[in-house]
Amino acid sequence: MNRKILDEKELSDAIETLAGWAADRKLLKKRFKFENFGDALAFVNKVGAIADSADHHPDITFGWGYAEIALTTHDRGGITDVDIALAAKIDEV
């Protein structure tokens, strides 16, 4: 992967391939809903394992019935192909 900041068109095209993800300034975000706290926690743990194996770590906020994921490539200062790839892997969970 190139780890290049995506321009507006590249980002728009990439987001179209992802279900429910949206760009918010320099972050790629999605909110996931769950039946309870335990399901949200289990999801967060799975995302953590995926992130560790990809060596790319999102910001995660979670609580009863939800988890919010925010992706960015910190050393590039925005959304890159690495973020898009990780978002796609997270959607497989």
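This is a predicted model: local features need pLDDT of at least 70, side-chain atom pairs count only at pLDDT 80 or more; totals for chains, interfaces and linings use all residues.
Colleague: At what distance does the side chain of threonine 72 reach the backbone oxygen of lysine 26?

Modeller: Threonine 72 is found in the loop between S4 and H3; helices (H or I, at least four residues) and strands (E, at least two) are DSSP runs, numbered from the N terminus. Contact means heavy atoms within 4.5 Å, and leaving aside neighbours within four places in sequence, threonine 72 is in contact with Lys26, Leu27, His56, Gly78, Ile79 and Asp83. From the threonine 72 side chain to the backbone oxygen of lysine 26 the distance is 2.7 Å.

Colleague: Is threonine 73 buried or exposed?

Modeller: Threonine 73 lies in the loop between strand S4 (66-71) and H3. Not counting residues up to four places away in sequence, it touches Arg3, His56, Gly78, Thr80, Val82 and Asp83. Buried means under 20% relative accessible area, exposed over 50%, and partly exposed in between (1.4 Å probe, protein chains only). Because its relative accessible area is 1%, threonine 73 is buried.

Colleague: Why do the buried residues of H1 line one face of the helix?

Modeller: In helix H1 (residues 8-16), the buried residues are Leu11, Ala14 and Ile15. The arc is that of the directions from the helix axis to the C-beta atoms. Seen down the axis of H1, the buried residues line one face because they fall within an arc of 100°.

Colleague: Which exposed residues sit on the face of H1 turned away from its buried side?

Modeller: The cover over the buried residues of H1 includes strand S1 (22-24), strand S2 (27-33) and H3. The face turned away from that buried side carries exposed Lys9 and Glu16.

Colleague: Which residue caps the N-terminal end of H1?

Modeller: The backbone nitrogen of lysine 9 has a side-chain oxygen 3.1 Å away.

Colleague: At what angle do H2 and H3 pack?

Modeller: Axes are lines fitted to C-alpha atoms, for helices over the stretch in contact, and angles run from 0 to 180 degrees between N-to-C directions. The axes of helix H2 (residues 37-54) and helix H3 (residues 81-91) are 10 Å apart. The packing angle is about 140°.

Colleague: Which residues of H3 meet H2?

Modeller: From H2 the contact takes Phe43, Val47, Ile50, Ala51 and Ala54. By class, the contact has seven nonpolar, no polar and one charged residues, where Ala, Val, Leu, Ile, Met, Phe, Trp, Tyr, Cys and Pro count as nonpolar, Asp, Glu, Lys and Arg as charged, and the others, Gly among them, as polar. On the H3 side the residues are Leu86, Lys89 and Ile90.

Colleague: How far apart are the C-alpha atoms of phenylalanine 32 and phenylalanine 43?

Modeller: Phenylalanine 32 lies in strand S2 and counts as buried at 12% relative accessibility. Among the residues that phenylalanine 32 touches are Trp21, Phe43, Tyr66 and Ile90. Phenylalanine 32 and phenylalanine 43 are 11 residues apart along the chain, and their C-alpha atoms are separated by 9.2 Å.

Colleague: What is the phi of aspartate 55?

Modeller: Aspartate 55 is found in the loop between H2 and strand S3 (59-63), and it is exposed, with a relative accessible area of 60%. Aspartate 55 is not a glycine, yet its phi is positive, at about 50°.

Methods. Residues are numbered from 1 along each chain as its sequence is written. Side-chain values use heavy atoms; hydrogens and water are left out. A polar contact is a pair of N or O atoms within 3.5 Å; within protein, one must be able to donate a hydrogen and the other to accept it, and residues adjacent in sequence count only if both atoms are side-chain atoms.
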